[in-house]
Every structure is written in structure tokens, then in C-alpha cells.
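Good morning, everyone, and thank you for making time for this. I would like to walk you through one structure, going from the whole chain down to its parts, so please have a look at it first.

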Amino acid sequence: MTLSLDAVSVAGPVDLPLAGEQDVQAACGIMHVHGRRFGRPTPLGLDYASIVAAELAELGLEALRFAQARGIPLHSVSTSLAQAALLAVAQYLAAATADDPAEPHSPGGPPFHSAEGIAFEIEALDPSVWQRFWAALGADDRAVSQGWRPFLHRFATATCPLPRLAEVLAAYPLAWLTDIARRTGMTLVRVSDQPISYVPAFVLSGASGDHRRGRPAELLPLSGLVVLESCRRVQGPLAGHLLRLLGATVLRIEPPGGDPLRWVPPMAGDTSARFRALNRGKDVVEIDLGTPGGRQEVLDLAASADVFLHNWAPGKAEQWSLRHTDLARVRPGIVYAHASGWGTALGPNPPLGTDFVVQAHSGVPPSLMTIVDVFGGVVSAHGVVAALTRGATRVDSSLLSAASRMNAWPRRRCAEPLTVPVCDDLAALAADPRFARALVRDECVLVSSPWEFTS
């Protein structure tokens, strides 16, 4: 069978005369979401739709190779800049079309600036850390309390106005702020003006058995394979989502009571719209990984899985005895995929590895869109399929490696003239019939598979 990657088009299934990157960012919502913190649609400082589309194309071609090895008669795959852009705004699109979509998108947000004018980013996932940090700086209690929710959910809304708190930070030199952050547990990372572009996107290791199960009834590259996923937030769940769109059955491990992000408004039916955008179609099992019985349940499930995907914090796999070697004992040849924040670049005890601090450290043009999380999810899924194709048993990727790969692309120097209107309302985009072939409705509007395979 001859395999081919059809040329990556600009518009794909979107029925608009899109001329290139700038048109795609304008029409498909990237400028709108990225520009929320500025109060107006604003282009990203890099060709993000092109970067994501190129990675999706390589992933699609890798999936075709795996399909051929399994005897699945697929010979070509296509994707587009528009489909990549819609994937990038998928969670924002879902939120805008939910049952209760109204939420404030007031302008403002990081990066912050010190008294010397040095840009930096902070991160905390624990409200007690947030409170200690601001108390040490003498910030107003009411401003601190009101600021926690927009700060915590900025990854979901792409905006984070903290006017009084930003002014507090601007009164101190960076060295003082860094010391306060260290003493209170806050992660503080200076925004780099030297883009990092030397970290491999993903690293494959180990040698496996044969993942090429017999030809399944459904003609998708990963049909018949089982992915066991234990992930939170965006990067890992998106990787699992893409593997499901390639045909795999994805069994998602959640804590007792379910992932708390399931109930973060706005809601679409009985599930958070944003959560639905990343986890629709996955099966779910609730397991307490903090107990020996729960960890044994994971091993029992892994015994019949082809891939184990997690994005646990450093040290968790060792603490829980759920390392690559532990799973390989019950399922020789299983692909063990770790989607981390920093990889091994910052040692065994790195700072929190979330989108915005990785952006700051790596020198990616800053955005309150989850641009590194989304691209990191694509890179992680690419690594999994590459491992399946090439007979590896372990794949390690990270947000830092994804940012490095993004930095390898030339920066945008000048704006192309727009030939289409700029989207300023994602709900209107969702209702536009010209986008219908790229979208699907399930309680809210979601993005269809970014690939089209042909046999």
C-alpha cells in the first residue's frame, strides 16, 4: 500500500476563502481568544495554526504507517490550518456554546512586571500558597480573595485582570519578589528573551513486542487498541482525546467522585463544557491511586491495555510503584507515555510545570491562551503513535519540549493583509454554516477530528 500525506491545506472543511495564517487566526477564533487580555482581537506572535497543523500532519502520517502495518487499508490523510486553529480554541468554543455561557472576559492579566520593569510569571495551584505570597507582600485581603478564581481559571478563560495585585508586584524589585516566592511556595519564573529551541519534542526508548493487533472492523489507525489515561488539565487529556479520534478506546482514570474539573462552569448538560471538549467519548473508572488497592486496580487494567498515558507530577510514579517497569511486568510491551511539564531539564525537583510558566521560561511569545498545553498534547499523542509504529515501549514528552519545537519556527515579522472578517464571538462562529463540517454538537459545540483519512 502506498501512503501519502495530502498537502496541508489552509481552509480544509471550512468553507471560507482563507489565504493563510493571518486569515486563519482571524476567522477561526485565535485572535479573539488571545486578544481577550488586550480587550480586542490580537494576532499571536508566531504562526501557531501552521505549527499545530504541521505536527498534526506528521502525527497523521505516523498513524497511517501504523495502519498499514496492521493491514488497515488507509492510504492518505489530510489536515489543515483551519482545523488546527479550531482544535486550539476547542475548549473556549465549547464554553461559549454551553447551557450557561455567560462569564466575564475583562481585559488584563500576566505577565507581571517588577519595579525594574522585568517581566515574570507566577504560578500556584494551592490557595494557601496564593494567600501566603500576597500576605508577605502586604496586599489587600479583599483583592487577594477576589483574585484567586480568575488567576486559577485563566487557563480556561484566557484573561486574568488583577489590577491591584499587579500594582503590588510592580512596587518591588525582582530579587525581593523571588525571595518571597521561594519562602511562601509560589512559583516565579522570569520571562526569557532568549527562546529555547534545542529540546527534542519527544524521546522514545525501550524495545517492545508487536502492537499490531489484527485488522479491526472500524477503519481507523488505532481501532482495537486500548489507552489507559490518568491525566489532568489540558496537555494529557488532549493527547488521549487525539488518540481516541485516531480510533483507540480510551479508559480514563479519575479520583473517587470524579475529576473536579468536570463541574467547573459553564456547564453543558451535566458536565463542564471545557472538560467535555477534551474528554468526550472516553470511558471512565474511578480509582483512588493513594491506596494499595487502587494501584493494584491500575495494574489489573494495564494488563489488557496497549498504552498507559499519565501527566503526574515528578516522583508520583515512583511513590505509587506505577513506573514503566511496574506496568511492563503485568503487560510486556505496553507503551508507557509520560507528558510532563519540564521533562528532566530542570532536575528532579522542578517548579510547577504549567503552560504559563513554561511559556515564560522558554521564551515563547506570551499568551493567556493555552498554546503550549494544546501543542504539548499534540506532541504527546505524536510520540505515542511513533512508539507504537517503531516498537518503543516508553515515550517522554513535556511542555518544555513542545515550547522548544514551537520556537524552532520563525517568528512572525509582519502582518499579512486580512481577506476575511475577524471573529469576535465564538458562539457566532459555532452557528456559522461555513464551519459546520469541522464541528459537532453534543450539549455544546465541539471540534471534529482534525484529520480526514481515505482508503
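This is a predicted model: local features need pLDDT of at least 70, side-chain atom pairs count only at pLDDT 80 or more; totals for chains, interfaces and linings use all residues.

Now to the fold as a whole. The protein chain has 19 helices and 17 strands. Its radius of gyration is 22 Å, which is close to the 23 Å that the globule rule gives for 455 residues, and therefore the chain is as compact as a globular protein of that length. Taken along the principal axes, the C-alpha atoms fill a box of roughly 65 × 55 × 45 Å. Of the contacts between residues at least 6 apart in sequence, 78% join residues that are at least 24 apart.

How is the chain divided into domains? The domain assignment gives domain 1, made of 4-101 and 197-454, and domain 2, which covers 112-190. The centres of domain 1 and domain 2, taken over C-alpha atoms, are separated by 29 Å, and the contact takes 20 residues from domain 1 and 17 residues from domain 2.

Lastly, the charges: the chain carries 39 positive and 44 negative side chains, and the centres of these two sets lie 3 Å apart.

Conventions. Residues are numbered from 1 along each chain as its sequence is written. Side-chain values use heavy atoms; hydrogens and water are left out. Helices (H or I, at least four residues) and strands (E, at least two) are DSSP runs, numbered from the N terminus. The radius of gyration is taken over C-alpha atoms; the globule rule is 2.2 Å times the number of residues to the power 0.38. Contact means heavy atoms within 4.5 Å. Lys and Arg count as positive and Asp and Glu as negative; His and the chain ends are not counted. The place of a charge is taken as NZ of Lys, CZ of Arg, CG of Asp or CD of Glu. Domain bounds come from an automatic or database domain assignment.
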